[in-house]
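Thank you all for coming; I would like to walk slowly through one structure with you this morning. Please have a look at the sequence and the fold first, and then we will take a few places in turn.

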Amino acid sequence: EIGISLIKLPKLPLETQRATLGTFSDPESGRVVDQVVVTCFRQPHSSTAEDVVEISCHGAPVILRRLVECCFERGARAAEPGEFTLRAFLNGRIDLTQAEAVRDLIESQTLYQARVAAQQMEGSVSARLQPHKQVLLDLIARLEAGIDFAEDDVAVLEWQEILARLDRIRTDLEKLVEGYKYGRIVREGLTLAIVGRPNVGKSSLFNCLLNEERAIVTPIPGTTRDLVAETASVGGIPLRFVDTAGVRETQDAVEKIGVERTMGAIADSDLRLLVVDASEPWTAEDAHLLHKLRPLGALLVALNKSDLPPRVSLAELEPSLGADRSAGVAPPQFVRTSALTGEGIQEVKEKILETAAPTRGLGPEGELITNLRHQQLMQDSLRGLGKARQAAEQQLPHELLLLDLYDTLRPLDLITGATYADDVLDIIFKTFCVGK
């Protein structure tokens, strides 16, 4: 009713799922504002499984805003955040994993992120879990029947068969949970702090990694006095590079502030790239920085200016690395780089992904677990599975085994939405942007 009051169409009623060219005229002046395309979807053949009319303008914000205002004047209202996706879920068009993937797709920064989210929107996670849920339901049904109809001598599976089925489920769930380490990176991205003493080529390397002149580069030590950050796609992962001020003792008040901010960026980063000038001898400042960065986690070391005669060798670094090994800390990875020739830049990017995402390639990208809620519920399911396996090994009464099987199934239902609580739905849908 609202659509046909605003849009002049060649014929009525509108045909279902057919695009029709129409004219939008301003109701106050009667003047034509835009040519539009109107598409009518009858339930259940729409994204929300409800009756929907879509009006597509040419995209000028002022036209879109005026059209929406006219709709409001005629009784329409703006959708609440996540309302369209919520309606699609409540009407059975999508399950919870697909609903959450809608948000991930909207927030995608790289094509790889979008591809993973799109496959999850098609139900890839639910499809992976459904066979396991079916096995659990089958076990539950058999055990329930054996208890309820014991006098009829209903056949129940042998204990070894029950254990074998539980083990198959556990193996796959453990693989999915392990893959979350990479899935989280795909969804949230990474931050890399580029650290080093002044004038070792941090900003030059930063520009090379971004493939653009983002940071100012001069021969004067201490040029970078504040954090410079930029995000780029590396292997489909959004990687935020942070160029930091050179770390050294200084009396300059501004440079001191830059060094303090550098230390904060180092602590907040997922990874750290220590840049060393390999054309100069290894210094006490380099050793101090290496020692300071090692306990913080993953570390790469770029032996920069490799286009010049080398004066730093890995053999010279052994004393600095020996203490780390004795403390059980994994040694850093070294790459020879040159911001001038581009040597080692691609290798740095590859080692960043190797270091941050060792679980890459565990399974098809559409089956990646990128959501913390899903990972935690799968861990809950694995705990129930462990108890169920223990009960089966001890051949406890079927009533006790059933309790553990239900504890295993319930978290999987919470992932796909077969069973859910209102507070879970509130958490999921309130994070959507308006109108999605």
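This is a predicted model: local features need pLDDT of at least 70, side-chain atom pairs count only at pLDDT 80 or more; totals for chains, interfaces and linings use all residues.

Let me begin with a pair of helices, where α13 passes α14 in a left-handed crossing. Helix α13 covers residues 372–393 and helix α14 covers residues 398–416, and their axes come within 8 Å and cross at roughly 165 degrees. An angle over 145 counts as roughly antiparallel, so α13 is roughly antiparallel to α14. If you want to find the contact on your screens, look on the α13 side for residues including Arg 373, Leu 377, Ser 381, Leu 385 and Ala 392, and on the α14 side for residues including Leu 401, Asp 404, Thr 408, Pro 411 and Ile 415. Sorted by class, the residues of this contact between α13 and α14 are 12 nonpolar, four polar and five charged.

The next pair is α8, residues 202–210, with α12, residues 345–356, and here the axes come within 10 Å and cross at roughly 80 degrees. The range from 65 to 115 degrees counts as roughly perpendicular, and α8 and α12 are therefore roughly perpendicular to each other. On the α8 side the contact is made by Leu 205, Cys 208 and Leu 209, while α12 brings Ile 345, Val 348 and Lys 349. That contact holds five nonpolar residues, no polar ones and one charged residue.

Let us turn now to the largest pocket, which has a volume of about 1300 Å³. Which residues lie nearest its centre? They are Val 52, Val 53, Glu 54, Ala 76 and Phe 84, out of 34 residues that line the pocket. The elements giving two or more residues to this lining are α1 (2–6), β3 (32–41), β4 (52–56), α2 (61–73) and α3 (83–90), and the largest share, five residues, comes from α2. By class, the lining of the largest pocket has 21 nonpolar, four polar and nine charged residues.

Finally, I would like to point out some places in the backbone. Most residues other than glycine have a negative phi, and most peptide bonds are trans, which is the background for what follows. Leu 12 and Pro 13 are joined by a cis peptide bond with omega at about -5 degrees, and Pro 13 sits in the loop between β1 (7–8) and β2 (19–25). That loop between β1 and β2 is also the place of Gln 17, which is not a glycine and yet has a positive phi of about 55 degrees. Another cis peptide bond runs from Gln 43 to Pro 44, with omega near 5 degrees, and Pro 44 belongs to the loop between β3 and β4.

Technical notes. Residues are numbered from 1 along each chain as its sequence is written. Side-chain values use heavy atoms; hydrogens and water are left out. Axes are lines fitted to C-alpha atoms, for helices over the stretch in contact, and angles run from 0 to 180 degrees between N-to-C directions. Helices (H or I, at least four residues) and strands (E, at least two) are DSSP runs, numbered from the N terminus. Angles under 35 degrees count as roughly parallel, over 145 as roughly antiparallel, 65 to 115 as roughly perpendicular and the rest as oblique. A crossing is left-handed if the near helix is turned anticlockwise from the far one by less than a right angle, and right-handed if clockwise. Contact means heavy atoms within 4.5 Å. Ala, Val, Leu, Ile, Met, Phe, Trp, Tyr, Cys and Pro count as nonpolar, Asp, Glu, Lys and Arg as charged, and the others, Gly among them, as polar. On a 1 Å grid over the protein atoms alone, a cavity is a set of points where a 1.4 Å probe fits but cannot get out, and a pocket is an open set with protein on both sides within 12 Å along at least five of seven lines; lining residues have an atom within 4 Å of a point. Grid points are joined across faces, edges and corners, and a volume is the space filled by probe spheres set on the points.
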